[in-house]
Amino acid sequence: MTQQLHALQPVIQLIEAGLTQNLEESLLIASFLPKFQELLKDSAWLNAQFKQAHPEHYQQYLLYLDPLERFSIVSFVWGEGQKTPIHNHEVWGVIGVLEGAEISTRFTHHKEGLFPAIQSDYLAVGEVDWFTPETGDIHAVENAFKDQVSISIHIYGANIGKVERFIYQIDGTKKSFISGYSNDK
């Protein structure tokens, strides 16, 4: 077993147990959040190949996919100043910062368009955020730094690389996309 998979195993086991118990999404997330936060204390477990930035866009590397595709674990690598478009997920998700910091700005969808949340969330190393489609999963994320790489670990309630999701314009118009993974080769 790789060092990476060994480090993820306690989190994977808790997610699997919660799914077996059919826990409601917020309870499922609460069941593995403490172990996930422990994982974020030291980035040495993450292999170098999953820490590689791209000069033009962020990277989304698949680290683990549940055999039944009930959940996936991904590393996001943010180059200097990189950010996502406004997007959604269609599934529950948990984000934790492993190196650097990121800013997540949540949006709500109204008939008049999208409106940003009152404030953006700044997540530093070890800090987490979570969402479900019911609690609001539309946001834009950016590297908090203009001069260094940031890395976050994301856990999603599906094979996020295959989920049809949406990119939004500020007027509320949307376009579907499927993200895939940077290590799909």
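Some housekeeping. Because the model is predicted, local features need pLDDT of at least 70 and side-chain atom pairs count only at pLDDT 80 or more, while totals for chains, interfaces and linings use all residues. Residues are numbered from 1 along each chain as its sequence is written, and side-chain values use heavy atoms, with hydrogens and water left out.

Start with the overall layout. The protein has two helices and 12 strands; these are DSSP runs numbered from the N terminus, helices being H or I of at least four residues and strands E of at least two. Along the principal axes, the C-alpha atoms fill a box of roughly 50 × 40 × 30 Å.

Contact here means heavy atoms within 4.5 Å. Among contacts with a separation of 6 or more, 74% join residues 24 or more positions apart. As for burial, 46% of the 185 residues count as buried, meaning under 20% relative accessible area with a 1.4 Å probe and protein chains only; exposed is over 50%, and partly exposed is in between.

Now the cores. A nonpolar core is a set of buried Ala, Val, Leu, Ile, Met, Phe, Trp, Tyr and Cys residues joined through side-chain atoms within 4.5 Å. The largest has 26 residues, and Phe32, Phe36, Ile73 and Ile153 have the most contacts inside it. Helix H1 (3-20), helix H2 (25-39), E1, E2, strand E4 (93-99) and E10 each supply at least two of its residues. H2 gives the most, with six. Beyond its neighbours within four places in sequence, Ile153 touches residues including Phe36, Trp45, Leu63, Ile73 and Val94. A second, separate core of 14 residues includes Phe76, Tyr156, Ile160 and Tyr181.

On a 1 Å grid over the protein atoms alone, a cavity is a set of points where a 1.4 Å probe fits but cannot get out; a pocket is an open set with protein on both sides within 12 Å along at least five of seven lines; and lining residues have an atom within 4 Å of a point. Points are joined across faces, edges and corners, and a volume is the space filled by probe spheres set on them.

The largest pocket holds about 240 Å³. Of its 21 lining residues, Tyr58, Gln60, Phe76, Arg165 and Ser179 are closest to the centre. One cavity of 30 Å³ or more turns up in the whole structure. The largest cavity has a volume of about 40 Å³, and its lining includes Arg106, Asp129, Asp137 and His139.

Last, the backbone. Most residues other than glycine have a negative phi. Asn22, which is not a glycine, has a positive phi of about 55 degrees. Asn22 sits in the loop between H1 and H2 and counts as exposed at 66% relative accessibility. Glu69, also not a glycine, has a positive phi of about 60 degrees. Glu69 lies in the loop between E1 and E2 and is partly exposed, at 33%.
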